[in-house]
Amino acid sequence: QVQLVESGGGLVQAGGSLRLSCAASGRTSSIAAMGWYRQAPGKVREFVARISWSADSTYYAESVKGRFAISKDNARNMVYLQMNSLKPEDTGIYYCNSIGPDPKGTVYDYWGQGTQVTVSS
């Protein structure tokens with residue numbers, strides 16, 4: 001299995017920036033992609049960004065395109081989310097996610113505990 005620990009959340013004013021980090025441990029060799037999701041109170045968890053592990057292919061939610069950037073450091077088993085031009089609607093708990101196959105090819109996903117991001121207006 002893969003263990004994920006997020007960090008870097010906090011309180012920031014609208015227009016500010018935060019950089020989230022996610023440290024992966026365990027069977028990191030199985031990781032095919034990592035990403036970020038977020039969840040605001042009373043709302044469903046939503047996709048934010050994803051990056052492939054073997055390449056630099058990235059995917060972003062429309063709401064964060066041009067403002068957020070996901071990156072990775074394979075050697076350190078780290079994934080980052082640089083968040084710029086933050087808006088109050090970006091407020092939520094941000095979760096790190098990893099997906100990848102087991103030896104038989106069944107895809108599993110793992111989640112971190114989340115880190116709170118609060119953007120004040």
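Is S121 buried or exposed?

S121 is exposed, because its relative accessible area is 87%. Buried means under 20% relative accessible area, exposed means over 50%, and partly exposed lies in between, with a 1.4 Å probe and protein chains only. S121 sits in the segment after β11 (115-120). Strands are DSSP runs of E with at least two residues, helices are runs of H or I with at least four, and both are numbered from the N terminus.

Leaving aside residues up to four places away in sequence, S121 touches A14 and P88. Contact here means heavy atoms within 4.5 Å. L20 is 101 residues from S121 along the chain, and their C-alpha atoms are separated by 20 Å.

## Basis of the model

This is a predicted model, in which local features need pLDDT of at least 70 and side-chain atom pairs count only at pLDDT 80 or more, while totals for chains, interfaces and linings use all residues. Residues are numbered from 1 along each chain as its sequence is written, and side-chain values use heavy atoms, with hydrogens and water left out.

## Aromatic pairs

The structure holds 2 aromatic pairs. Rings of Phe, Tyr and Trp (its six-membered ring) pair if their centres lie within 6.5 Å; planes under 30 degrees apart are stacked, over 60 edge-to-face, and the rest tilted. Y37 and F47 form an edge-to-face pair, 5.6 Å centre to centre with 75° between the planes. This pair links distant parts of the chain: Y37 is in strand β4 (residues 33-39) and F47 is in strand β5 (residues 46-52), 10 residues apart. F47 counts as partly exposed because its relative accessibility is 23%.

Y37 also pairs with W111: the ring centres are 4.9 Å apart and the planes stand at 70°, so this pair is edge-to-face. It joins distant parts of the chain too, with Y37 in strand β4 and W111 in strand β10 (residues 107-111), 74 residues apart. W111 has 33% relative accessibility, so it counts as partly exposed. Together, ring pairs link Y37, F47 and W111 into a cluster.

## Charges over rings

The charged end of R19 sits over the ring of Y80, 4.0 Å from its centre. For K72, the charged end sits over the ring of W53, 5.7 Å from its centre. The criterion is NZ of Lys or CZ of Arg within 6 Å of the ring centre and within 35 degrees of the ring normal.

## T28 in its loop

T28 lies in the loop between β3 (18-26) and β4. T28 counts as buried because its relative accessibility is 14%. Its side chain meets that of N77 in a polar contact of 3.5 Å. A polar contact is a pair of N or O atoms within 3.5 Å; within protein, one must be able to donate a hydrogen and the other to accept it, and residues adjacent in sequence count only if both atoms are side-chain atoms.
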